[in-house]
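I opened this notebook to record what I looked up in one protein model. The entries follow the order of my reading.

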Amino acid sequence: MDDLQLLRYSRHILLPELGIEAQEAFSAARALVIGAGGLGAPVAQFLVAAGIGTVTLCDPDAVDLTNLQRQILYSTADVGMPKVAAAKARLAAINREIRVEAIEVRVGADQLAPLVANADVVLDCCDNFTTRHAVNRACVAARKPLVSGAAIRFDGQIAVFDPRDPTSPCYHCLFGEGDDLEEMRCAIMGVFAPVVGIIGATQAAEALKLIAGVGESLAGRLLLLDALAMHWREVRIPRDPLCVVCKES
Ligand SMILES: [Zn+2]
């Protein structure tokens with residue numbers, strides 16, 4: 001690291017749990033972020049500001065006026081632009097040393113396999129169960145840690161699934177595809193703006209901890225936030241021995 005990098009990251013380097021070693025691990029790391037909306041915005045901002053070397057952002061959508069209430073990466077002038085292009089410009093202004101790869105498609109299994117294989121950590125910030133299950137499958141197959149977040153109304157949730165640990169559950173152990181959970185979308189249900197920030201920042205924290213190898217990750221635990229009561233609840237997630245996704249791994 002040169003003098004400017006030592007200065008830029010000095011508040012991390014000062015932390016005995018991190019230091020120069022973790023900061024160098026951040027700069028060598030590759031994070032894959034699925035979704036550049038309410039969760040993806042704070043996730044990408046924190047990862048880029050914190051010095052993660054390569055951040056790959058996938059999102060097929062354009063910035064809409066209704067996004068601006070909570071998707072803090074975007075400004076009024078970005079309305080109509082592809083989210084990943086607007087995000088890339090904004091993230092470059094935060095930290096030019098970071099490589100940001102913008103992928104403007106709704107990623108399916110075919111695209112996910114090489115992207116996940118190439119990543120050190122995957123952050124699921126998307127808004128639909130089909131993509132969530134595809135991301136989980138790719139993470140289990142490639143044995144890559146998955147930091148999964150969701151937010152709707154005043155509620156948020158976050159969990160880590162780490163297939164490197166044979167006792168860790170996967171996303172499918174928690175939410176089976178046959179459960180027929182009704183998909184709740186912000187466009188219909190609404191979402192309290194800071195909830196996506198709280199959950200997204202927590203996802204970024206878990207990803208940085210996983211890369212630095214410090215602390216205790218949320219693997220096997222689901223945190224549920226009720227922002228109206230401002231109350232967090234923690235639920236242990238058991239591994240499902242019959243889970244069709246992770247039982248072979
Ligand atoms: Zn499973």
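Leaving aside its neighbours within four places in sequence, which residues is Asn-136 in contact with? I found Leu-146, Cys-170, Tyr-171, His-172 and Val-245, contact meaning heavy atoms within 4.5 Å.

**Entry 1: basis.** I noted that this is a predicted model, in which local features need pLDDT of at least 70 and side-chain atom pairs count only at pLDDT 80 or more, while totals for chains, interfaces and linings use all residues. Residues are numbered from 1 along each chain as its sequence is written, and side-chain values use heavy atoms, with hydrogens and water left out.

**Entry 2: the residue I began with.** I placed Asn-136 in helix H7, residues 129-142. Helices (H or I, at least four residues) and strands (E, at least two) are DSSP runs, numbered from the N terminus. Asn-136 counts as buried because its relative accessibility is 2%. Buried means under 20% relative accessible area, exposed over 50%, and partly exposed in between, with a 1.4 Å probe and protein chains only.

**Entry 3: aromatic rings.** Rings of Phe, Tyr and Trp (its six-membered ring) pair if their centres lie within 6.5 Å; planes under 30 degrees apart count as stacked, over 60 as edge-to-face and the rest as tilted. One of the pairs is Phe-161 with Tyr-171: the ring centres are 6.0 Å apart and the planes stand at 85°, so this pair is edge-to-face. It links distant parts of the chain, with Phe-161 in strand S6 (residues 155-161) and Tyr-171 in helix H8 (residues 171-174), 10 residues apart. I then looked at Tyr-171 and Phe-175, whose ring centres are 5.2 Å apart with planes at 45°, so that pair is tilted.

**Entry 4: the whole protein.** I recorded 10 helices and 8 strands. Of the 249 residues, 49% count as buried. The C-alpha atoms fill a box of roughly 55 × 40 × 40 Å along the principal axes. Among contacts between residues at least 6 apart in sequence, 66% join residues at least 24 apart.
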